[in-house]
Amino acid sequence: MDFDHYEHSDRRQDDPGIEEVSEIDLLIPLDLDSEAQEQRLLRKLDKRILPILCLLYLFAYLDRSNLGNARLQGLPGDVLGGDPTGVLFDWVNSAFFFTYILLQIPFTVLSKYYNPRLWIGCSAILWGICSTSMATAHTFTGLMISRLGLGTFEAAFGGAVVLYFSFYYTKAECGTRIAYWFGFAAVAGAFGGLIAYGIQHVKVSIANWRLLFLLEGMPTMLLGLICLFILPDRPESTKFLTAAERKIAISRMNRGTSGDFGAVVRRSHVIAAFQDWRIYVGGVIYFGLNCALASLSAFLPTIIGTMGHENAMAQLMTVPPYAIAGFVLMVASYSSDRLQIRGPLLVCTSTIGGLGYMILLGVPHQEDVRYGATFLITSGTYSSIGLVNAWFSHNLGSETKRAAGIPLYGAIGQIGGILGSHLYPLTEGPAYTSGFTVSAFLLFLAALCALMLSVSFRLDNMQRDQQYGKPDPDDMVDTSELADKAPGFRYVP
């Protein structure tokens, strides 16, 4: 099979409802009447794309992180035989990452061959089924199978969505939109705490934690069905846009880079992604961030519980740190888009998260100070992940290299999630010295790697400017052969 020229058959062929958009349209600069025309299209896209994808990520994150709340509602005693050491719970939590890591790269590359709304919608329905099935588990094995399935189908979702954003948003817009999307992970942290607090006080015939899994898993399946009908396809083939709007969307898609026309996977760009050292450095950054994130999502209620609060109050007190984290994420990502810088802001946010863990280490007895440190951790970690995703959504040059490179650094990073799942055994509470130390070190390492990448991107841009001259940032750059190594391509530092 010739991957370089393969077109999937579910495209626009023989569909009278879509006006033909030829590949030549990708090469002709668009003469816009005014910015108002493009702004109307942007608002139209935002209203259709962002709500459904943000809600899907809200429930994706609820479904993967609700174990931390279920732990305080009696799950270990009912299913794990009490689990006095917390080891079995750690394995159930980390099982998600096994399949997520293994399948994220092939699934994201394969997603280019399929209609985005079908791929994303079906993924959501299937992971919703897996999440809901956790409510029926009566053994350690049953929980493990459900978590492995959850990781499988969320792997098909995460990388594909970041790639999908690059179809419709320019490098000056993508950071904010990814922040809106990823910000719903922070909303999920706050929302999950509120749901768990409410369920803690409900008297029903089933265990509270089983009700938690049902209430957070079933809406995902409904959202997946809605996604099948409302999410736009690729810009060149969607019926959601008029012919004129599709032309504008295609022009935007090729601003400062060039998109693939149709379901094309360029094999040379997949290989280039695996040979790019910067993606592996990005993986180190993502490793540290995901270690902290996995620790937070599964163990923040437990950590707050060690400050002397009852389980229900510990659930409720997880809400403010996540709420502030969502706000800081939006501010950092908006600033990043406006200034067109990612690295320097990433250095700052990663350092803030590391300082939060250092406070937890250095102030073991002042509970108000320790609680304040959790705000630094959530704000720094969530902002950093939003920034690194926006960074690589443009800097890999071509669509195919993004399809391989984004899940590659993501897969490396998700290994940090496995580590984070094992950093807080109950036997080390309430100090959790090892967990706090490792998390702080990895966040400071992420800051150092971000600084190195930012300098590298700036030096590359300067060298190309000297050799080829400064390009117009709105011009199309042919990245079909060399991806981000094309002479006219410039990185966001």
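**Rings, cores and contacts in a predicted model**

User: How many aromatic pairs does a search of the whole structure find?
Analyst: Rings of Phe, Tyr and Trp (its six-membered ring) pair if their centres lie within 6.5 Å. By that rule, searching the whole structure, which is a predicted model, gives 28 aromatic pairs.

User: Thanks! Which pLDDT do local features need in this predicted model?
Analyst: Residues are numbered from 1 along each chain as its sequence is written, and side-chain values use heavy atoms, without hydrogens or water. Totals for chains, interfaces and linings use all residues, side-chain atom pairs count only at pLDDT 80 or more, and local features need pLDDT of at least 70.

User: Are the rings of Phe-107 and Trp-119 stacked, tilted or edge-to-face?
Analyst: Planes under 30 degrees apart are stacked, over 60 edge-to-face, the rest tilted. Here the centres of Phe-107 and Trp-119 are 6.1 Å apart and the planes meet at 80 degrees, so the pair is edge-to-face.

User: Is Trp-119 buried or exposed?
Analyst: Buried means under 20% relative accessible area, exposed over 50%, and partly exposed in between (1.4 Å probe, protein chains only). The relative accessibility of Trp-119 is 16%, so Trp-119 is buried.

User: Now for the whole fold: how many helices and strands does the protein chain have?
Analyst: Buried residues make up 60% of the 493 residues in the chain. Among its contacts between residues at least 6 apart in sequence, 84% join residues at least 24 apart. As for secondary structure, the chain has 17 helices and zero strands.

User: Which residues touch the most other members of the largest nonpolar core?
Analyst: A nonpolar core is a set of buried Ala, Val, Leu, Ile, Met, Phe, Trp, Tyr and Cys residues joined through side-chain atoms within 4.5 Å. The largest such core has 114 residues, and those touching the most other members are Leu-53, Leu-56, Phe-165, Trp-181 and Tyr-357.

User: Which helix gives the largest share of this core?
Analyst: Its share is 15 residues, and the helix spans residues 35-65. Apart from this core lies another, of 19 residues, including Val-79 and Leu-211. The helix with the largest share of the 114-residue core is H1.

User: Which residues does Phe-165 touch, not counting those up to four places away in sequence?
Analyst: Contact means heavy atoms within 4.5 Å. Phe-165 is also in a cluster linked by ring pairs, with Tyr-57, Tyr-61 and Trp-181 among the other members. Beyond its sequence neighbours, Phe-165 touches Ile-49, Leu-50, Leu-53, Cys-174, Arg-177, Ile-178 and Trp-181.

User: What separates the C-alpha atoms of Gly-217 and Ser-131?
Analyst: Gly-217 sits in helix H8 (residues 208-230) and is buried, at 0% relative accessibility. Outside its sequence neighbours up to four places away, Gly-217 touches Asp-63, Gly-128, Ser-131 and Thr-132. Although Gly-217 and Ser-131 are 86 residues apart along the chain, their C-alpha atoms are separated by 5.1 Å.

User: Where is Gln-340 placed?
Analyst: Most residues other than glycine have a negative phi. Gln-340, however, has a positive phi, near 55 degrees. Its place is the loop between helix H13 (319-339) and helix H14 (343-362).

User: What is the phi of Ala-483?
Analyst: Ala-483 lies in the segment after helix H17 (433-468) and is buried, with a relative accessible area of 2%. Although Ala-483 is not a glycine, its phi is positive, at about 55 degrees.

User: How far apart in space are Pro-493 and Asn-461?
Analyst: Pro-493 lies in the segment after H17 and is buried, with a relative accessible area of 11%. Leaving aside neighbours within four places in sequence, its contacts include Gln-340, Trp-391 and Phe-457. Pro-493 and Asn-461 are 32 residues apart in sequence, and their C-alpha to C-alpha distance is 8.7 Å.

How values were computed
Helix = DSSP H or I, 4+ residues; strand = E, 2+ residues; numbered from the N terminus.
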